[in-house]
Amino acid sequence: MEELIRLAKKEDAKQIVPLIVQAIDDIVFMLTGTTSYEQATPILEYYVQSEQNRLSYHNCLVKEIEGKVVGVIIAYHSLELSVLDREMLEIISRNLNIQDE
């Protein structure tokens with residue numbers, strides 16, 4: 001059985017998202033501005049495939065067994081949060097119909 005820990009790739013998103021949901025459960029609604037997993041899933045996939053946000057594939061390591069992603073670690077420097085959260089906050093605001101004042 002081949003096991004590997006590697007940097008995540010954009011194409012891992014569909015396998016990473018269920019692991020994120022399993023780990024943080026209904027916090028996904030706060031991160032997406034949605035109220036159901038069906039609504040949240042494509043947004044989370046977008047986040048993982050994005051170049052710059054806290055859930056970006058650039059911030060993920062995955063454990064792969066026999067070609068299947070079975071684990072994920074997401075790590076980023078806290079000093080980068082204002083940049084990493086910018087895109088997510090725009091999406092959350094749009095989904096919740098929050099206007100900048």
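Predicted model: local features only at pLDDT ≥ 70, side-chain atom pairs only at ≥ 80, totals over all residues.
**View 1. The largest nonpolar core, which has 22 residues.** The members that touch the most others are Ala8, Ile16, Leu44, Tyr47, Val48 and Leu55. At least two core residues come from each of helix H1 (13-24), helix H2 (27-32), helix H3 (37-49), strand E2 (60-65) and helix H5 (86-95). The greatest contribution is that of H1, with six residues. In soluble globular proteins, nonpolar side chains tend to be buried together.

**View 2. Surroundings of tyrosine 47.** With a relative accessible area of 0%, tyrosine 47 is buried. Leaving aside residues up to four places away in sequence, tyrosine 47 touches Leu31, Thr32, Asn53, Leu55, Ser56, Met88, Ile91 and Ile92.

**View 3. The two aromatic pairs found in the whole structure.** Tyrosine 37 is partly exposed, at 30% relative accessibility. Tyrosine 46 and tyrosine 47 also form a tilted pair, with 6.5 Å from centre to centre and 55° between the planes. Tyrosine 46 is partly exposed at 41% relative accessibility, whereas tyrosine 47 is buried.

**View 4. Salt bridge between arginine 6 and glutamate 64.** The closest N and O atoms of this pair are 2.7 Å apart. Because arginine 6 lies in strand E1 and glutamate 64 in strand E2, the pair ties together parts that are 58 residues apart in sequence. Arginine 6 counts as buried at 14% relative accessibility, and glutamate 64 likewise counts as buried at 14%. A network of salt bridges links Arg6, Asp12 and Glu64.

**View 5. Salt bridges of lysine 10 with glutamate 51 and of arginine 54 with aspartate 85.** The side chains of lysine 10 and glutamate 51 meet at 3.1 Å, N to O. Lysine 10 is in the loop between E1 and H1 and glutamate 51 in the loop between H3 and E2, 41 residues apart. Lysine 10 is partly exposed at 36% relative accessibility, as is glutamate 51 at 44%. For arginine 54 and aspartate 85, the closest N and O atoms are 2.7 Å apart. Aspartate 85 is buried, with a relative accessible area of 17%.

How values were computed: Residues numbered from 1 in each chain as written. Heavy atoms only, no water. Core = buried A, V, L, I, M, F, W, Y, C linked by side-chain atoms within 4.5 Å. Buried < 20%, exposed > 50% of the residue type's maximum accessible area, 1.4 Å probe, protein only. Helix = DSSP H or I, 4+ residues; strand = E, 2+ residues; numbered from the N terminus. Contact = heavy atoms within 4.5 Å. Phe/Tyr/Trp six-rings, centres within 6.5 Å; stacked < 30°, edge-to-face > 60°. Salt bridge = Lys/Arg side-chain N within 4 Å of Asp/Glu carboxyl O.
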